[in-house]
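Welcome to my notebook. I went through this structure a few topics at a time and wrote down what I looked up.

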Amino acid sequence: MLEVSSVQRKKMTEPNALGFFGEYGGRYVPEPLVGACQEVEAAFRDAWSDTAFRQEFLDILTNYVGRPSPLTDCVNLSEDLGLRLMLKREDLNHTGSHKINNVIGQALLAKRMGKTHLIAETGAGQHGVATATAAALFGMTCTVYMGEVDIKRQELNVYRMGLLGATVIPASSGSRTLKDAVNEAMRAWVTEVEHTYYCIGTVMGPHPYPWMVRSFHEIIGCEAQRQVVARLGKMPDVAVACVGGGSNAAGLFAGFVDHPEVRLVGVEPAGGAAVGRGVPAVVHGMKAHFLQDEVGQVVEAESISAGLDYPGVGPEHSNLADMGRAEYYPVTDDMVVDAFQVLSKREGIIPALESAHAIAWVIENADDGQG
Amino acid sequence: MGKDEVILINQSGRGDKDIFTVAAALGIEITDNHINTRSLQAELTAKRDSGRKLLLPYVTAGIVGNWMDCVEAVIEAGADAVEIGIPFSDPAMDGPTIQQASVQALDNGITPHGALSELRTREFAVPLIAMTYFNLVFRYGNERFASDLAAAGCAAAILPDLPFELAGEWHEAAVAHGIENVLLAAPVSSDERLAQLVERTSGFIYTVSTMGTTGERAELDNAASVLSQRVKAISDLPVIIGFGISNPEHAVAAARASDGVIVASALMRTLLDGGSIDQVASQVNAMRVALDEAF
Ligand SMILES: Cc1ncc(COP(=O)(O)O)c(C=O)c1O
């Protein structure tokens, strides 16, 4: 069983009082949502410093989600590439991705706040499924906003959300993808703010969301750090994660950020490289890097993986990039499709296309790799 | 021509008018420093004090090719000021109609600079208020945007996703260029926050009539009236109700508790459905007449 004391150490820095990590973050929301964000922030601060809340969170992660997730040595691929590749297996969590960590945390918070209805945006459907799952678990109702285009691309997850009792509402404006689902969820939240909790799926949005979502995912990095050290007797040299909004990367990095000898690498899709090709913007309640045209209209991201199809990135990543603490590199869809097959064939592990971005970067950069 | 020759040139004019052209040709940036001198707040307050209820129609820049004619038409139909929507790709505060209007305008190729440059070519009889989202201002540059607003004849701006605690740089630029910064108040704003909003807004205070996004609604809810009363109790600023005003009855009902109304989606709906500028003008005129008769 996980113990609070073992995962409570503070890892990444806290944002300042206005919610900024360096220059990025903040709370750029319309007046009707200012109070709602303040309410979430106060509730989160209170809950996160309450040992009972954190123990309940960890109990659910243990007994329902199945944590700690294992650390797997990629024996065959390591030999092919001439390095030692280890995978932190968030794919083995209940519902099939890291997204559930954050959702359990936020749903518990919503319950503590007396909210009865969860809303969420989703791209690939993974976060929507995780939110629908938590709503079912805690006896709440759930509405998931999803771009019309994504609904077509991810029919299976739409069906899954329905099975779990959630209602899926198509976002039919703009590019009809994840960014528009976020707009739609924000609009819904404004209307129903009294009983509704907006469960954001990545480290984006107005303060306190980027900080809170990362905090709920820190368990990834904490576990991984202990597991690697237990097995190897030392830290890893590089910690790599794919970056859409950046939640799984933030969770992993949290375990290593204060060990400067560990390189932190975020891998973005070439068609959605918000850190690599974006510039600072104010969108979706935060200041962070976004892909946009010269006047500031947000442009669509294009990636083979729906979960990375987001034109922005969480503010803490913008800051880590500016500080030079983390590095961000793009990989192309072709490289990702190759990596997807390589891991499947060599290790018997079929990775999410999102995660395959991280694998593709490692293959590309291994001295003995095919890259 | 040789060493002892005298050459006479007729220096036919002075170059003041050309310095920006030359600077641009040389790649030098000079802020074209415009300052607005028209006070929206003074004009609205004076009209209100004379017993008139204020009517502020909204037009999305670029929704139709001749959108500026629409601005002119609503002014002739009785507008006291006009809100100019500068369309953004992700208008999270707007309902379906304004979203659609924004998409149509963006498809027509409108840009913030394009919209302001077009406005600059005309003079309007009432003050204009630019309404957009902060990212477009952030990209444009606070200073340059404020200056270009002033040049375009805008007396004020509404940036709904920029709460006052983060508005520092924009606020400074706006003040420097004489642009009033209109803040929104919502039914959920606490008394403490309302006091801060009233302190920091200028032009008027924009009260959101329903908890929600912009859009036509069948019925007006009571929250707006309650909120307007709360604002009136602590301030003398004009209080204008926006969101959900679709017809003359709504306008009259909302104006009972406030100093006037903003009407947006109902007008843009007409244009989106292929209606004419004349039709929009008659919608505005019907509201003007209803307001003047009722008060
Ligand atoms: C498996 C998986 N990894 C990564 C992501 C990207 O999100 P983030 O960058 O927040 O980790 C998603 C999003 O749907 C996902 O499903």
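This is a predicted model: local features need pLDDT of at least 70, side-chain atom pairs count only at pLDDT 80 or more; totals for chains, interfaces and linings use all residues.

**Entry 1**

I began with a pair of helices in chain A: H3(A) and H5(A) are oblique to each other. The reason is in the angle, since I found that helix H3 (residues 51-65) and helix H5 (residues 99-112) cross at roughly 135°, and an angle counts as roughly antiparallel only over 145 degrees, so this one is oblique. Their axes come within 10 Å.

Next I looked up the handedness, and H3(A) passes H5(A) in a right-handed crossing.

Which residues of H3(A) and H5(A) meet? From H3(A) I listed A:Phe53, A:Glu56, A:Phe57, A:Ile60, A:Leu61, A:Tyr64 and A:Val65. On the H5(A) side I wrote down A:Ile100, A:Asn101, A:Ile104, A:Gly105, A:Leu108, A:Leu109, A:Lys111 and A:Arg112. Sorted by class, this contact has ten nonpolar, two polar and three charged residues.

**Entry 1: H2 and H10**

I then turned to helix H2 (residues 31-48) and helix H10 (residues 209-232), also in chain A. Their axes are 11 Å apart, and the packing angle is about 30°. H2(A) and H10(A) are therefore roughly parallel to each other. I noted a left-handed crossing where H2(A) passes H10(A).

H2(A) brings A:Val40, A:Phe44, A:Arg45 and A:Trp48 to the contact.

**Entry 2: Around the ligand**

How many residues surround the ligand? I found 16, and the closest are A:Thr202, A:Gly244, A:Gly246, A:Ser247 and A:Asn248.

I looked up some distances to oxygen atoms of the ligand. For A:Thr202, an N or O atom of the side chain is 2.5 Å from a ligand oxygen. For A:Asn248, a side-chain N or O atom is 2.7 Å from an oxygen of the ligand. With A:Gly246 the atom is in the backbone: an N or O there lies 2.7 Å from a ligand oxygen.

Most peptide bonds are trans, and most residues other than glycine have a negative phi.

Where are the cis bonds I noted? One runs from A:Arg67 to A:Pro68, with omega near -5°. I placed A:Pro68 in the loop between H3 and strand E3 (71-73) of chain A. Another cis bond joins A:His207 and A:Pro208, and its omega is about 15°. A:Pro208 sits in the loop between strand E8 (196-198) and H10 of chain A.

A:Arg176 belongs to the loop between strand E7 (167-171) and helix H9 (178-191) of chain A.

Technical notes:
Residues are numbered from 1 along each chain as its sequence is written. Chains are lettered from A and ligands numbered from 1 in the order in which they are written. Side-chain values use heavy atoms; hydrogens and water are left out. Axes are lines fitted to C-alpha atoms, for helices over the stretch in contact, and angles run from 0 to 180 degrees between N-to-C directions. Helices (H or I, at least four residues) and strands (E, at least two) are DSSP runs, numbered from the N terminus. Angles under 35 degrees count as roughly parallel, over 145 as roughly antiparallel, 65 to 115 as roughly perpendicular and the rest as oblique. A crossing is left-handed if the near helix is turned anticlockwise from the far one by less than a right angle, and right-handed if clockwise. Contact means heavy atoms within 4.5 Å. A residue is near a molecule or strand if one of its heavy atoms lies within 4 Å of it. A polar contact is a pair of N or O atoms within 3.5 Å; within protein, one must be able to donate a hydrogen and the other to accept it, and residues adjacent in sequence count only if both atoms are side-chain atoms. Ala, Val, Leu, Ile, Met, Phe, Trp, Tyr, Cys and Pro count as nonpolar, Asp, Glu, Lys and Arg as charged, and the others, Gly among them, as polar.
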